[in-house]
Amino acid sequence: MRTYNFCYETGVLQDIIDFSLFEHENNVLVQIFCGQDKEVLTYLTGVILSHIPKAICIGTTTDGEIYGDSITTLRSVISISIFEHTFIKTAYIQDKDSFQCGVKLASELVTPNTKLLILFSDGTRMNAEEFLHGIESFNATIPICGGMAGDNGKFERTFISSQNTILSEGIVGVSLNSDILKVATDYKFDWKPIGLKHTITKVRDNRVYLIDDMKAAYFYDKYLGCNFSRIEFPLILEKHGVIMARAVIGKHEDGSLSFSGNLEEGDQVRIGFGDAESLIKDPIEVLKNLHAIDIETFYVFSCMARRRFMPFLIKLGIGSFSKMAPASGFFTYSEFYHYNGHNKLLNQTLTVVALSESEKNVCTLASARNDDAKKNPFYSKTIESLTHLVEQSARDYDKQSKRLEKQMNYSNNLLTSHRQFLRYTVHEMNTPLNAIMNNIELYEMEFGKNAYLENIEVAVKNIFSMYDDLSYLVKKDHITYLKQNIDLVDYVRSRIDFFAQVANKAKSMFVFETNADEMFIHFNETKLQRIIDNNITNAIKYTFENEKIVVSLYKHEESCRFTIASHSRKIQEPKKIFEEYYREEQSQDGFGLGLNLVKRLCKEENVKITVHSDENITSFSYQFKIENA
């Protein structure tokens, strides 16, 4: 086989191509890689088919063209391949169902000796991943190549062609059918993941709504800033042994993003960046699959992101192919590739297909590294150093993340064990405490009061108060506390009676005042007890000896105010009194958790707290809403 490549910008095509070279050929494949517009694609197709009527001609608009060792934009590259022992078929399909597009096109093109499918799809409407699955469902063994059409980065409207038919939607393809044609394909992926893994949490095909439960657009804004590059920082994932990228091709008003290929809920992805050190490497050295045949032609299909990321390095890589054999192709919006029985939609890759009808079985490829690279400032060690910096930083970050994860797992296990211990302790404490109280009551009923037992009873009541706090803290995240109508007057009086003996032992006494016989509030009894009991026990603990503790309930229209006041040491830091572990008097027992719990409960239930403290009196007031006021 022989291939001739031409580059067109303006003027008459016949001035560039000597069509007499192809007049008597029977198996001619023409590929038009058009970086211009529909009109130019139509013109080129018409002229070519008028001069080579037997030719099979397909075309696509591009985001850049590959012409030998050159990369062009806003021009058109025409590749004409002449086969001696290969029969060529072409077809096109338009169907709203992308999967069915693949099935129908394969049924039109595939024959028993099909060696390769060259496929071009539109670049903005087709779900190319579903299309490739359709091809695969028909035949999962045939190599494929090609890609999605481009429109110079506008993402508005692309065009593809089959013979004289120009399409803005759909798929066109060519099958190469032969008994002796040799095909070798390979790809080069020079993007590497960086940072933490993230999870796709809401997606429909190629439209991603949530990443880590965050709107997809906000996710990119968070990590790359508001003006992030759509194509140069794709999401990277691995499936079926192939590392793939998914680049952003569209942003929607609802914060979702369209990607160049499908993603699934639960997919683990990382943000990718271009690895300059890998880009510098000669693709001829890296793409080992190509060494299996005596190459006569290269077709190259490369992602638009590669051209835009580091143009000079990409040009060096492309140039390597043309030193071995004629090379042509285009920069795509996504690349098509076949691997291990699966058709893949790739991004950020350089995909290459090598063809040969030669009887030789082995290619003697040699490195074609351009020495100009070493002279160019872009080749300087700065690029490699920056790449190493990013990679090493990423590795260090991963190590730190793993250490942190290990520490967090240890802490979580420790916390879980701690909670289990507390739950067990709270459960087991209730029985002996009740046994102690019941036996004290039975003893007093039979033998009368006893000073020693009274001291024990006071201590047990204090333990009961702490037990109730602990029980609430342990159970609060696992139990729904229902509300009920409670008479606050009756309830406060009952709690005063419970702690009266404790106050007496502390040489204090309660005085209860109210301006109403009953005050109903709609409240949870467990939470209410924590508020009342903590204030009563604190008053007993801090009130000076032989001083009264005044507990008052006053009704005011739609609310009532519960106040507990006594003569005690002035509070120096009223704003800190509700903080965890804060105690103004270090000599007093406790951890300072009671008032913190009170504050949290009052915040949950919209209870207003007022604290007053001076040399004469300290008071805590709580304003409750009266039920059915």
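# Notebook: pockets, cavities and a few residues

I started with the second largest pocket, which has a volume of about 250 Å³. My pocket search ran on a 1 Å grid over the protein atoms alone, where a pocket is an open set of points with protein on both sides within 12 Å along at least five of seven lines, a cavity is a set where a 1.4 Å probe fits but cannot get out, and lining residues have an atom within 4 Å of a point. Grid points are joined across faces, edges and corners, and a volume is the space filled by probe spheres set on them.

Notes on the source: this is a predicted model, so local features need pLDDT of at least 70 and side-chain atom pairs count only at pLDDT 80 or more, while totals for chains, interfaces and linings use all residues. Residues are numbered from 1 along each chain as its sequence is written, and side-chain values use heavy atoms, with hydrogens and water left out.

**Pocket lining.** I found 15 residues lining the second largest pocket, with Glu129, His133, Lys239, His240 and Glu264 nearest its centre. Both α3 (128-138) and β25 (342-346) supply at least two residues each to that lining. Helices (H or I, at least four residues) and strands (E, at least two) are DSSP runs, numbered from the N terminus. By class I get seven charged, five polar and three nonpolar residues. Here Ala, Val, Leu, Ile, Met, Phe, Trp, Tyr, Cys and Pro count as nonpolar, Asp, Glu, Lys and Arg as charged, and the others, Gly among them, as polar.

**Asn139.** Next I looked at asparagine 139, in the loop between α3 and β9 (144-148). Its C-alpha sits 9.8 Å from that of histidine 342, although the two are 203 residues apart in sequence. A polar atom of the Asn139 side chain lies 3.4 Å from the backbone nitrogen of isoleucine 142.

**Cavities.** How many cavities of 30 Å³ or more does a search of the whole structure find? I got two. The largest cavity has a volume of about 80 Å³. Of its 11 lining residues, Arg306, Ile314, Gly317, Ile318 and Leu350 lie nearest the centre. Helix α8 (residues 311-322) gives the most to this lining, with four residues. I count its classes as six nonpolar, two polar and three charged.

The second largest cavity comes to about 40 Å³. Among the residues lining this one are Phe155, Ile231, Cys303, Met304 and Tyr333. That lining has eight nonpolar residues, two polar and no charged.

**Thr3.** I then went to threonine 3, in strand β1 (residues 2-8). Is threonine 3 buried or exposed? It counts as buried because its relative accessibility is 10%, and buried means under 20% relative accessible area, exposed over 50%, partly exposed in between (1.4 Å probe, protein chains only). Its side chain makes polar contacts with the side chains of serine 81 (2.9 Å) and threonine 297 (2.5 Å). A polar contact is a pair of N or O atoms within 3.5 Å; within protein, one must be able to donate a hydrogen and the other to accept it, and residues adjacent in sequence count only if both atoms are side-chain atoms.

**Last checks.** In helix α14 (residues 594-604), buried residues include Leu595, Leu597, Val598 and Leu601. Just after α14, asparagine 606 takes a positive phi of about 55°. Overall I logged 14 helices and 33 strands, with 50% of the 629 residues buried.
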